[in-house]
Amino acid sequence: MKVLLSWLKDYVDIDVTVQELEKKFFGAGFEVEGVEYLGENIEKVYVGQVTSIEKYEGTHLYICHIDCGEQGHDHLILTGADNVFQGAKVPACIVGAKLPNGMEITPRKMKDMMSYGMLCSGGELGLDKDWYKGADVNGIMILDEDAPVGEDIKTYLGLDDYVFDISVTANRPDCQCIYGMAREVAAVLGKELKEPATDYTADDVKKENFKVSVLAQDICPRYTAHYVHDVKISESPAWMRKRLALVGISSISNVVDITNFVLKELGQPMHAFDYSYLEGDEIVVRRANDGEKIVTLDEKEFELNSNNLVICDGKKAVALAGIMGGLNSEINDGTTEVMFESAKFARDNIRKSSRALGQASDSSALYSKGVNEYTTAMA
């Protein structure tokens, strides 16, 4: 499991070095298979501002004067990128800088002029659009207007951080999430564990006449649904996209990313249904009928039997419980109403269904190990 150090720090004050923390994990029974420093091999790269720019006559190059604050107010840097403009804030490599691709920056002659640095693209820093908006453009990465001139790019972009790759044994399902690992860290360091912030104010809106029925309580001891209206599907904020990327999940949209974020944060799998596709104003949790079919989000069709648990609306199955949602109720660009699902399913049932159907997901992996029923409401 990938664990981001800065994410752990949201819940516990960590005052030991990364090396000491790694030893603490081992001492608590967790094998640390690797530790990655995100800013590895990035040195002397700063937030720079283009104070002036002019075309180098007779070439494809531009002559830029870059202000890097305390690192120097006038670095003359030549670039061939045509998306740079006066006033732009950019990642600026000064002489002596190092980049992840092994490049070291030295003064170099370009045509008849000397260039004393380089302006970076997102790719040259090892970034993509989930890290920072514009990191995937074909050209120099343009930073936000409020980027502090002269700040180390690792600090500004959150690269001064570590990712632990931790092996969690099957008997510790409570540690299959960031908050669970934070609980362990708080224990071994003798620190207070902070709870995740849930202090939003909800509208007092209920979906009248909507009901949830659990007909298979032996394999679904708890099921909760939460209705949200006036939804606008869009891109998630950069901080969420980045955190998901660092723990191995690609960003899809704000609503879907929310469910994945909670999955990684609390260890509680969730699903979001487009409410407009739910028929009959109800959700029914039941065993599948023999021969019943469902097409999941990855467009695979499955023929089910009574050993499989399904989530249904008033007329049809809309999810393969604990494994994957149905294609017939997926979130899309036009979604305006969402029904969130947070539930506890019997781990042996999900494990057997996942194996029998040959269909696995991050959710089924967690449910197969066990999920705390008390987390459903918090999630």
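In which helix is the place of Lys-154? Lys-154 lies in helix H3, which spans residues 153-156; helices (H or I, at least four residues) and strands (E, at least two) are DSSP runs, numbered from the N terminus.

1. Basis of the model. This is a predicted model, in which local features need pLDDT of at least 70, side-chain atom pairs count only at pLDDT 80 or more, and totals for chains, interfaces and linings use all residues. Residues are numbered from 1 along each chain as its sequence is written, and side-chain values use heavy atoms, with hydrogens and water left out.

2. Overall description. The secondary structure of the protein comprises 9 helices and 20 strands. Taken along the principal axes, the box filled by the C-alpha atoms is roughly 80 × 50 × 40 Å. Of the 379 residues, 49% are buried; buried means under 20% relative accessible area, exposed over 50%, and partly exposed in between (1.4 Å probe, protein chains only). The accessible surface comes to about 18600 Å², and carbon and sulfur atoms account for 44% of this surface. These areas come from the Shrake-Rupley method with a 1.4 Å probe; for residues, only the protein chains shown count as cover. Among contacts (heavy atoms within 4.5 Å) with a separation of 6 or more, 68% are between residues 24 or more positions apart.

3. Lys-154. Lys-154 counts as buried because its relative accessible area is 14%. Not counting residues up to four places away in sequence, Lys-154 touches Tyr-37, Gly-39, Ile-42, Leu-159 and Asp-160. A polar atom of the Lys-154 side chain lies 3.1 Å from the backbone oxygen of Ile-42. Such a polar contact is a pair of N or O atoms within 3.5 Å; within protein, one must be able to donate a hydrogen and the other to accept it, and residues adjacent in sequence count only if both atoms are side-chain atoms. The C-alpha atom of Lys-154 is separated by 35 Å from that of Thr-375, a residue 221 positions away along the chain.

4. Two strands pair if DSSP finds at least two bridges between them.

5. Pairings within the sheet. Strand E4 (residues 62-67) is joined to E5 by 5 bridges, and Ile-63 has Leu-78 in E5 as a bridge partner. Ile-63 is also the bridge partner of Glu-54, within the antiparallel pairing of E3 and E4 over 6 bridges. E3 and E4 form a hairpin with 6 residues between them, and Gly-58 in the turn has a positive phi of about 85°. On the E6 side, 6 bridges join strand E3 (residues 43-55) to strand E6 (residues 89-98), with Glu-43 partnered by Lys-98.

6. Most residues other than glycine have a negative phi. Asn-41, although not a glycine, has a positive phi of about 65°. Asn-41 is found in the loop between strand E2 (31-37) and E3, and its relative accessible area of 44% makes it partly exposed. Lys-44, placed in strand E3, has a positive phi near 55°. Lys-44 counts as partly exposed because its relative accessibility is 40%.

7. Helix H5 and Arg-241. Arg-241 is placed in helix H5 (residues 238-246) and counts as buried because its relative accessible area is 3%. Leaving aside neighbours within four places in sequence, Arg-241 is in contact with Lys-129, Asp-130, Tyr-132, Lys-133, Glu-235, Ser-236 and Ser-251. The backbone oxygen of Ser-236 lies 2.6 Å from a polar atom of the Arg-241 side chain. After H5 comes Gly-248, with a positive phi near 95°.
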